[in-house]
Amino acid sequence: DNLTASGVSPYLFVEDVACRLRCSVRTVHELTRTMSIPHRRLPGGRRCLFLLRELEAWEEGAELDGVP
């Protein structure tokens, strides 16, 4: 199930992350390209998704475990 208890998706899109980090979408794409930010890609897709709890941990300085 991809929804939280409140019915909201725990995933953010590139645009959401750019707004949260106060940077451009292009910068977020560069962070994903260099594997510098935790993200997911759907199988066969190009769109990146960001799990909110992983992003929050990353913002607090957590190490990247490995980006799928």
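Predicted model: local features only at pLDDT ≥ 70, side-chain atom pairs only at ≥ 80, totals over all residues.
- An open sheet is built from three strands, in the order S1-S3-S2, with antiparallel pairing.
- Strand S1 (11–13) and strand S2 (40–41) are the edge strands; each has a single partner strand, so one side of each lacks a neighbour in the sheet.
- In general, the strands of a sheet are paired by backbone hydrogen bonds, in either a parallel or an antiparallel manner.
- S1 and S3 run antiparallel and are joined by three bridges; in this pairing, Tyr11 stands opposite Leu51 in S3.
- S2 and S3 also run antiparallel, and two bridges join them.
- Arg41 stands opposite Cys48 in S3, and Arg40 has Leu49 of S3 as its bridge partner.
- S2 and S3 form a hairpin, with six residues between the two strands.
- Gly44, in the turn of this hairpin, has a positive phi of about 75 degrees.

**The two faces of strand S3**

- In a regular strand, side chains alternate between the two faces of the sheet.
- Strand S3 is covered on both faces: Cys48 and Phe50 are buried on one side, and Leu49 and Leu51 are buried on the other.

**The nonpolar core**

- The largest nonpolar core has nine residues: Leu12, Val14, Val17, Ala18, Val28, Ile37, Cys48, Phe50 and Leu55.
- Helix H1 (14–21) and strand S3 (48–51) are the elements that give two or more residues to this core.
- H1 supplies the largest share of the core, three residues.
- In soluble globular proteins, nonpolar side chains tend to be buried together.
- Val17 is in contact with Leu12, Val28, Ile37, Phe50 and Leu55, when neighbours within four places in sequence are left aside.

- Is Thr32 buried or exposed? Thr32 counts as buried because its relative accessibility is 3%, which is under the 20% limit for a buried residue.
- Apart from neighbours within four places in sequence, Thr32 is in contact with Ile37, His39, Arg41, Cys48 and Phe50.
- Val25 has a relative accessibility of 31% and therefore counts as partly exposed.
- Val25 touches Val14, Glu15 and Ala18, not counting residues up to four places away in sequence.
- Val25 and Glu15 are 10 residues apart in sequence, and their C-alpha atoms are 5.9 Å apart in space.

**Salt bridges**

- Glu15 and Arg47 meet through their side chains in a salt bridge, at 3.2 Å from N to O.
- Glu15 lies in helix H1 and Arg47 in the loop between S2 and S3, so this pair ties together parts that are 32 residues apart in sequence.
- Glu15 is partly exposed at 43% relative accessibility, and Arg47 is partly exposed at 45%.
- The side chains of Glu30 and Arg33 form a salt bridge at 2.7 Å, N to O.
- Why are Glu30 and Arg33 separated by about one helical turn? The reason is that the two residues are three residues apart in helix H2.
- Glu30 is partly exposed, with a relative accessible area of 38%, whereas Arg33 is exposed, with 59%.
- A further salt bridge joins the side chains of Glu54 and Arg40, at 2.3 Å from N to O.
- This pair links distant parts of the chain, with Glu54 in helix H3 and Arg40 in strand S2, 14 residues apart.
- Glu54 is partly exposed at 22% relative accessibility, and Arg40 is partly exposed with a relative accessible area of 27%.

Notes. Residues numbered from 1 in each chain as written. Heavy atoms only, no water. Buried < 20%, exposed > 50% of the residue type's maximum accessible area, 1.4 Å probe, protein only. Contact = heavy atoms within 4.5 Å. Core = buried A, V, L, I, M, F, W, Y, C linked by side-chain atoms within 4.5 Å. Helix = DSSP H or I, 4+ residues; strand = E, 2+ residues; numbered from the N terminus. Pairing = 2+ DSSP bridges. Salt bridge = Lys/Arg side-chain N within 4 Å of Asp/Glu carboxyl O.
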